[in-house]
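This report goes through one protein model, part by part. Keep the sequence and the 3D view open while reading.

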Amino acid sequence: MEQSGTIDGARSVSAKSGCGSHHAKATDLFGCPCCAPVLGELGLLSLPHMAASANALAWKNENLGVPPQAVGLTIFTNATVITADANFSVAEALAIDGDKILAVGSLDDVKASVPDTATIVDAGGKTILPGFIEPHMHFFPIAMLSRFEDVGAVNCPTVASVLDRVGELAKSAKEGEWIIGRQFDPSLQEGPDAITCDMLDPVTGDTPCLLFNASLHIAYCNSAAFKIAGLSAETPDPDGAAFGRNADGSLNGVCQGGPAFGQVLAHNLAAMALDDVPAACKHVCERANQVGITTFCDQGAGSFQGANELAAFDAFAESGHMTTRLRYSLFGSFADTWDKTEVSFGQGNSYARATGWKIVSDGSNQGRTGLQREPYLGREDKGLAYVAADDLKQQVTQRALEGWQVVVHANGDQAIDNTLDAFEAAYEAGAPRDMRYRIEHCSVLHDEQIARIKKLGLSPSFLIGHIYYWAKAFRDEVFGPEKANLLGRARSCQDADIPWTMHSDEPVSEMGPLRCIENAVTRKMWKEPSSTLNADERVTVEEAILSITRVAAWQCHSDHEVGSLEVGKYADFVVLDNDPRKVQETEISQIKVLETWSGGRQVYAS
């Protein structure tokens with residue numbers, strides 16, 4: 001998981017709080033949410049609920065309702081059916097029966113190939129596409145965080161609007177209730193780099209409030225929360241963390257690191273635990289279905305609650321309530337746990353299946369912890385190696401030889417160098433070459449690295465939101481223009497015949513395949529909408545569609561069953577109110593998802 005912000009916040013909050021750069025670098029306070037201490041801590045709070053969710057009875061909760069059912073023999077006609085097959089064929093009719101596709105083609109051909117008892121559905125000239133595939137997200141972090149108020153840049157573009165929203169929540173809060181917010185990102189939201197007690201207290205009064213930075217490594221509290229927690233100017237900084245302080249030593253509201261804000265959360269444990277796991281899981285799938293996603297891949301399974309997550313996935317799939325197919329990569333930092341289990345590549349069914357082994361090799365570029373060849377702009381440091389180069393070779397080799405699809409998070413160009421070296425070492429040791437090994441984010445790519453990726457048969461997945469949300473900061477503050485142009489090089493990979501995909505990495509950026517298509521096609525920058533970041537790396541709409549359908553299915557070892565609308569594959573598809581190829585490129589993200597179907601079941605209708 002990437003870090004969603006603190007480009008300036010990491011630097012300036014550290015300075016204001018007295019937590020110097022050495023301390024920040026040593027503990028990586030501004031790293032990615034995947035390794036944020038709060039996830040493990042909240043996982044422990046949720047332990048009994050997670051354990052219970054492995055029991056099939058937990059999924060018979062009447063609050064979940066009746067699982068959706070597959071329709072019988074049905075023909076969808078009067079549609080633009082973009083199949084995303086090998087020829088990018090476009091048809092006018094689609095026939096399904098139960099969970100599978102029976103026929104695709106002209107209406108006459110489809111009718112001729114199925115019984116005349118079929119129900120005919122007029123699609124009204126709409127566009128039908130294969131269900132979108134999100135190849136990199138984080139399931140339980142989404143489930144946990146989605147319960148909290150989103151005060152990120154999409155909903156609150158300025159710090160002032162964050163405070164306005166917090167004030168609204170305070171007015172409606174019941175006695176004893178806390179305000180918990182998430183996604184504050186000072187790199188994207190105009191205003192101060194930190195939210196302090198002096199800012200929160202006037203709008204919250206006696207209502208305790210805690211807001212998480214998008215990185216989950218920093219939180220911001222009001223005085224009421226500190227009072228409940230019994231924290232004051234005399235409270236010492238915990239090991240590995242720090243409290244922000246005013247000139248007189250009093251707490252200013254900024255809590256850097258889990259050991260600091262954990263002292264506040266300890267007084268609100270009931271609200272922090274994920275106590276209804278089935279409902280939370282169902283909600284994650286519903287959110288995905290709303291944007292047309294029918295398959296997603298959890299790139300870090302177990303980071304929240306270890307093996308209990310896998311048990312929950314299995315029970316969820318068996319319950320019939322899972323409306324988005326799940327592929328998952330085991331979070332490699334918990335190798336000892338996985339080595340004691342019997343989980344292996346391909347274990348599971350069509351709705352929940354283990355496919356990968358995830359290794360996080362460095363941090364995030366916007367947090368300046370991505371490992372670089374050269375120092376960051378205006379700095380002397382080159383980021384962090386979460387795994388030493390030799391250790392990375394050993395880990396990649398071991399897991400590849402065990403039969404896993406190895407998936408390596410690598411943001412900085414040096415991290416990518418190390419990753420390529422590691423796969424070369426794995427091949428030399430006899431690792432199979434046909435496992436579709438992946439480089440996640442693969443953010444900064446030089447030409448010679450693209451050539452090596454091609455030679456090694458690797459496949460990158462780009463966090464395309466880097467281009468849209470953070471490109472201006474990358475260009476002006478993090479890298480400089482020349483290196484920023486090396487971000488998200490989809491066009492170059494396409495031209496080199498390298499299979500590539502793009503992802504949201506939610507909770508870093510929101511799941512939204514149509515937004516991702518637009519980002520890749522236009523490379524427009526949110527903070528400077530009239531500009532593009534390296535227009536030469538733009539791809540076509542058709543290429544972008546394939547990257548989150550057919551290619552993403554291949555990358556997730558699922559192309560035999562999903563990713564294109566072809567006979568025999570699952571009836572996973574999405575109905576759009578417009579054809580992405582026909583609208584203005586800057587309007588693709590505004591296309592509405594009208595219906596989403598998973599295994600012949602309508603799982604979303606607008």
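How many residues does H13 have, and what does H13 reach from its first C-alpha to its last? Helix H13 has 13 residues and reaches 19 Å, close to the 18 Å expected at 1.5 Å a residue. The expected span of a helix is 1.5 Å times one less than its number of residues. Helices (H or I, at least four residues) and strands (E, at least two) are DSSP runs, numbered from the N terminus.

**Basis and confidence**

This is a predicted model, in which local features need pLDDT of at least 70, side-chain atom pairs count only at pLDDT 80 or more, and totals for chains, interfaces and linings use all residues. Residues are numbered from 1 along each chain as its sequence is written, and side-chain values use heavy atoms, with hydrogens and water left out.

The score pLDDT is the predictor's confidence in each residue, from 0 to 100. The protein chain averages 91, and 92% of the residues score at least 70. Over residues 3-30, pLDDT stays under 50. The model has 85 contacts beyond four places in sequence for residues 3-30, where contact means heavy atoms within 4.5 Å. Where pLDDT is low, the predicted coordinates should not be read in detail.

Buried means under 20% relative accessible area, exposed over 50%, and partly exposed in between (1.4 Å probe, protein chains only). In H13 the buried residues are Glu-309, Leu-310, Ala-312, Phe-313, Ala-315, Phe-316 and Ala-317. An α-helix has 3.6 residues a turn, so residues three or four places apart point the same way. Just after H13 comes Gly-320, which takes a positive phi of about 90 degrees.

Gly-302 sits in the loop between strand E15 (293-301) and helix H13 (307-319). Is Gly-302 buried or exposed? Its relative accessible area is 0%, so Gly-302 is buried. Setting aside residues up to four places away in sequence, Gly-302 touches Glu-309, Phe-334 and Trp-338. Its C-alpha atom is separated by 9.3 Å from that of Ser-333, which is 31 residues apart from Gly-302 along the chain.

Two strands pair if DSSP finds at least two bridges between them.

Strand E2 (residues 80-82) pairs with strand E7 (residues 127-130) in the parallel sense over two bridges; Val-81 has Ile-128 as its bridge partner in E7. E7 also runs antiparallel to strand E24 (residues 573-576), joined by four bridges, and Thr-127 stands opposite Leu-576 in E24. In a regular strand the side chains alternate between the two faces of the sheet.

**Two serines**

Ser-598 is found in strand E25 (residues 593-598) and counts as buried at 0% relative accessibility. Beyond four places in sequence, Ser-598 is in contact with Thr-323, Tyr-351, Ala-571, Asp-572 and Val-603.

Ser-187 lies in the loop between strand E10 (179-184) and helix H8 (197-204). Ser-187 is also buried, with a relative accessible area of 17%.

| Serine side chain | Partner | Distance |
|---|---|---|
| Ser-187 | Asp-185 side chain | 2.6 Å |
| Ser-187 | Trp-470 side chain | 3.4 Å |
| Ser-598 | Tyr-351 side chain | 2.7 Å |

**Aromatic pairs**

Rings of Phe, Tyr and Trp (its six-membered ring) pair if their centres lie within 6.5 Å; planes under 30 degrees apart count as stacked, over 60 as edge-to-face and the rest as tilted. The structure holds 25 aromatic pairs. One of them joins Phe-212 and Phe-261 edge-to-face, at 5.7 Å centre to centre and 85 degrees between the planes. Phe-212 lies in strand E11 (residues 209-213) and Phe-261 in helix H10 (residues 258-265), so the pair ties together parts that are 49 residues apart in sequence. Both Phe-212 and Phe-261 are buried.

Ring pairs also link Phe-139, Phe-140, Phe-296, Phe-304, Phe-313 and Tyr-328 into a cluster. Phe-313 is one of the buried residues of H13.

How values were computed
Polar contact = N/O pair within 3.5 Å; in protein donor to acceptor, adjacent residues only side chain to side chain.
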